[in-house]
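Colleague: Please show me the model, and then let me ask how its labels were reached.

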Amino acid sequence: MPHIIVRGVPEQELRDLSPAFKQVFVSAAQLNPDHLKIFYSPIRRVDQPEEVAVDVYWMPRPQELCDRVARDVTSFWQERGKGFVQVIFTELARNHFYENGSHT
């Protein structure tokens, strides 16, 4: 855990970039890479040009860590030609997170 959902990037591009993207996230957040999962979302913005949105679901983290992760994630996508990048953190209460029917 965390779970990362990426929108606004073609699926194959995300697949190709996922090892590098995962490493950026792992380095910024100091996480075990085995605990991080990246998901592709086919949801597309239709009222304006497409933009990259990264939704991060995880247990509560300090503001400084969120700031660092958001900065590094934004830089990663902007270095690959994405002009606008949005990062949203959703904190999950530990007692509301289950794997295979039990708390982890």
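**Rings, core and strands**

Modeller: A search of the whole structure finds 5 aromatic pairs; rings of Phe, Tyr and Trp (its six-membered ring) pair if their centres lie within 6.5 Å. This is a predicted model, in which local features need pLDDT of at least 70 and side-chain atom pairs count only at pLDDT 80 or more, while totals for chains, interfaces and linings use all residues. Residues are numbered from 1 along each chain as its sequence is written, and side-chain values use heavy atoms, with hydrogens and water left out.

Colleague: Why is the pair of W58 and F89 called stacked?

Modeller: Planes under 30 degrees apart count as stacked, over 60 as edge-to-face and the rest as tilted. The ring centres of W58 and F89 are 5.3 Å apart and the planes are at 15 degrees, so the pair is stacked. The pair links distant parts of the chain, with W58 in strand β3 (residues 52-58) and F89 in strand β4 (residues 85-91), 31 residues apart. Strands here are DSSP runs of E with at least two residues, helices are runs of H or I with at least four, and both are numbered from the N terminus.

Colleague: Are W58 and F89 buried, exposed or partly exposed?

Modeller: Buried means under 20% relative accessible area, exposed over 50%, and partly exposed in between (1.4 Å probe, protein chains only). W58 has 0%, so W58 is buried. F89 has 25% and is therefore partly exposed.

Colleague: What makes the pair of F76 and W77 edge-to-face?

Modeller: The planes of F76 and W77 stand at 90 degrees, with ring centres 4.9 Å apart, so this pair is edge-to-face. Both F76 and W77 are buried. Ring pairs also join F21, F76 and W77 into a cluster.

Colleague: What sits over the ring of F76?

Modeller: The charged end of R80 does, 3.7 Å from the ring centre. The rule asks for NZ of Lys or CZ of Arg within 6 Å of the ring centre and within 35 degrees of the ring normal.

Colleague: Which residues touch the most other members of the largest nonpolar core?

Modeller: Of its 25 residues, these are F25, V54, W58 and W77. β1 (3-7), α1 (11-29), β3 and α2 (63-78) each supply at least two residues of this core. Such a core is a set of buried Ala, Val, Leu, Ile, Met, Phe, Trp, Tyr and Cys residues joined through side-chain atoms within 4.5 Å.

Colleague: Why is β3 described as largely enclosed?

Modeller: 6 of the 7 residues of β3 are buried, so the rest of the structure largely encloses this strand.

Colleague: How do you know which strands pair with β3?

Modeller: Two strands pair if DSSP finds at least two bridges between them. β1 and β3 have 5 bridges, in the antiparallel sense, and β3 and β4 have 7, in the parallel sense. V54 in β3 stands opposite V6, and in β4 the bridge partner of V54 is V87. From β3 the chain crosses through α2 to β4, and this β-α-β crossover is right-handed: with the strands pointing away from the viewer, the path from the first strand over the helix to the second runs clockwise.

Colleague: What is the phi of Q30?

Modeller: Q30 has a positive phi of about 55 degrees, although it is not a glycine. Most residues other than glycine have a negative phi. Q30 lies in the loop between α1 and β2 (37-40), and its relative accessible area is 64%, so Q30 is exposed.
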